[in-house]
Amino acid sequence: MKEVVLGLLGLGNIGGGVWDLIRTFGSEVETRTGVPLRVKKALVLDKRFHGGKDVPDEVLTTDKNDILEDPEIQIVCEFLGGEQPAASMMLRALENGKSVVTANKMALCLHFDELRAMAKKTGAGLYYEASVGGAIPIINAIQSPLIANHIEQIMGIVNGTTNYILTRMAAEGAEYEDVLKDAQRLGLAEPDPTADVEGFDAAYKLSILGSLAFHSRVKVENVYREGITKVSAEDIAFGREMGYVLKLLAIGKDNGDTIEARVHPVFLPADHPLARVDGSLNAVYLYGHSFKDMMLEGRGAGDAPTASAIVGDIIQAAQNAVHPMPYLQENPKPVADDWQSKYFIRMKAKDAPGVLAEVTGLLAGEGISVSAMMQKGAAPGGKATLIVITHIAPEKAVQRVVKSLNPEICQVENVIRVEA
Ligand code: HSE
């Protein structure tokens, strides 16, 4: 095969990882696939700083047009991160008939429709395996080997930082703030952790996964999102006593007429396959009508795992005579703003007659049935911790109960959804 000429937009952590992988393993990839890869240009902000990689000076450029407007470059790999200028550059590359490979979930998610439309118009390829789950081939799996399925459910641990924090909180009985600080000190959480800990990163990933799995556009603004900042060591400890493990999950369900798309902390039964996915690992658990259930697990971040997925995409982009374009229904199904789940409700309640009756009375008033209950630290007249686990109930009904509890006698400290 004729040399496949690449342009890299960015040469930071991920771009550098791709450079290294092509340099060290490119000839083996060529032996296996017949695709010889050559990086012609790499865009950097300043030629003096490019992550210490051994990149020849003639490869480095500070002018995006050396990549986007060069007819010899067939595939553009975008590693800039963030929404802009990444999205505009990808759009321009596609407009010029170049296939684009990216790991940038934010730009992809916010500009999915225009990028897809441009790729369709010019016949160029748009590949983004690394945007969700890093090295885990989940995007490819949904679009190709699992295509003969009605995928009904996706549950993913798609953010390594939060999984690392929750794993350590559980192992050490530590509070969120303390583990976060330590993770930042170790370089395992960003100095500004908002995107990870508030669930934005997971919401972008769910928007992409949900759109592909359900063939219906799931816009990120319609994804319900709640991060891990309110989770306490107490929640995790009580949950464990009741047989649960806490994870931040990205959940997508196709309910027929509507889609559920939500990111929030979840208690999972300790024997659920996702419950044992610890540390910074990612995993996606899926249910499809013909394959039944399946879980893919691996490294969701880091330069080498991400480069693994990106080089895989580059090879597909080079080999495919016709680039795949996922089918999305013309009229997307609405994303539901209410859903059914079980709930773990942790309260500080006055240890006095009638308090339990007040709580269960309000639940009963909404038709919510209690599945388990636990009281700790009881002292007549004092405050006790009360945990209620409900049977399946509508989200909005549970929220109404929480709002109507009288804080003088019962303060709700946290509500965590429980999935099976
Ligand atoms: N910040 C992400 C994580 C990796 O912690 O998993 C990039 O998507």
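Arg 185 is exposed, at a relative accessible area of 61%, where exposed means over 50%, buried under 20% and partly exposed in between, with a 1.4 Å probe and protein chains only. Its side chain meets that of Asp 182 in a salt bridge, with 2.8 Å from N to O, a salt bridge being a side-chain nitrogen of Lys or Arg within 4 Å of a carboxyl oxygen of Asp or Glu. Both residues lie in helix H8 (residues 176-185), three residues apart, or about one turn of the helix; helices (H or I, at least four residues) and strands (E, at least two) are DSSP runs numbered from the N terminus.

The model is predicted, so that local features need pLDDT of at least 70 and side-chain atom pairs count only at pLDDT 80 or more, while totals for chains, interfaces and linings use all residues. Residues are numbered from 1 along each chain as its sequence is written, and side-chain values use heavy atoms, with hydrogens and water left out.

## Salt bridges between elements

The structure holds 32 salt bridges. One of them joins the side chains of Asp 235 and Arg 346 at 2.5 Å, N to O, and links distant parts of the chain, since Asp 235 belongs to helix H11 (residues 233-241) and Arg 346 to strand S13 (residues 340-350), 111 residues apart. Both Asp 235 and Arg 346 are buried.

Glu 297 forms a salt bridge with Arg 276, the closest N and O atoms being 3.2 Å apart. Glu 297 lies in strand S12 (residues 292-299) and Arg 276 in the loop between strand S10 (259-269) and strand S11 (281-288), so this pair ties together parts 21 residues apart in sequence. Glu 297 is partly exposed, with a relative accessible area of 35%, whereas Arg 276, at 53%, counts as exposed.

Of the 15 residues of H10, 14 are buried. Just after H10, His 215 takes a positive phi of about 55 degrees.

## The parallel sheet

Six strands form an open sheet in the order S3-S2-S1-S4-S5-S6, with parallel pairing, where two strands pair if DSSP finds at least two bridges between them. The edge strands, each pairing on one side only, are S3 (60-61) and S6 (126-127).
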